[in-house]
Amino acid sequence: RARRLRGLQHAQPDLARAHPHQRDGVSEGQFQTVLNQEVAAVLDALAKKRVDAKLTYVIVNKRVDAKVLDARKDDGCQEGTIVDSLITRRDLYDFYIVPLYSRNGLANPVHYAVLHDGSQEDPRRSIRPSALYSLTYKLCFMYYNWTGPVRAPAPCMFAHKLAYLLGDLQDKDNAYLPTPKLMSTVSCWYL
């Protein structure tokens, strides 16, 4: 782990000092609640573990009304298109990414709202917006069960899968649970 962290610090020094956290399933009306409760809890956990990294808390929203069109072409919008002006909010650090190729017509982007950016408190630990955009887009390719990009970043997809599995098992008997040995290991048995 130490060797990988040193490699990350060399390749992306601003990402190595930041702790990006992506959360899905939050509407705009819940932003303040998430900021007061979840972000505060994560900050407390980082402080207790004495992690020397700044938290960047990003909300992922796939249900957006905005559509993106590349006016220079007729065959749709290029995947990886980032929109961080014009249609974004003035009172919020947010951006849109088109993770999938749109063959014809309008592309349906995913909205990302940065609720807390602790890296901005210390200029030496600041995560550049371009690094956050790049990380977010690359995480759309990291989902194990699909060979191409997915709409939401892989950590959000894994959280959906785990929540669905545990919710499904809660209503049934324990016949479908993995063995205690498998549950005690730090593995992704639910994938």
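Which residue forms a salt bridge with Glu-28? The partner is Arg-89, and the closest N and O atoms of the two are 2.6 Å apart. A salt bridge here is a side-chain nitrogen of Lys or Arg within 4 Å of a carboxyl oxygen of Asp or Glu. Glu-28 sits in the loop between strand 1 and helix 3, and Arg-89 in the loop between strand 3 and strand 4 (93-98), so the pair ties together parts that are 61 residues apart in sequence. Helices (H or I, at least four residues) and strands (E, at least two) are DSSP runs, numbered from the N terminus.

This is a predicted model, in which local features need pLDDT of at least 70 and side-chain atom pairs count only at pLDDT 80 or more, while totals for chains, interfaces and linings use all residues. Residues are numbered from 1 along each chain as its sequence is written, and side-chain values use heavy atoms, with hydrogens and water left out.

**Salt bridges**

The structure holds four salt bridges. Three of them are listed here, with the distance between the closest N and O atoms.

| Glu-38 | Arg-23 | 2.8 Å |

Asp-24 counts as buried, at 15% relative accessibility, whereas Lys-62 is partly exposed, at 25%. Buried means under 20% relative accessible area, exposed over 50%, and partly exposed in between (1.4 Å probe, protein chains only). Glu-28 is partly exposed at 45%, and Arg-89 is partly exposed at 30%. A network of salt bridges links Glu-28, Arg-89 and Asp-91.

**Nonpolar cores**

A nonpolar core is a set of buried Ala, Val, Leu, Ile, Met, Phe, Trp, Tyr and Cys residues joined through side-chain atoms within 4.5 Å. The largest one has 16 residues, and Val-60, Phe-95, Tyr-112 and Leu-132 have the most contacts inside it. Strand 2, strand 4, strand 5 (110-117) and helix 4 (129-139) each supply at least two residues of this core. Helix 4 gives the most, with four residues.
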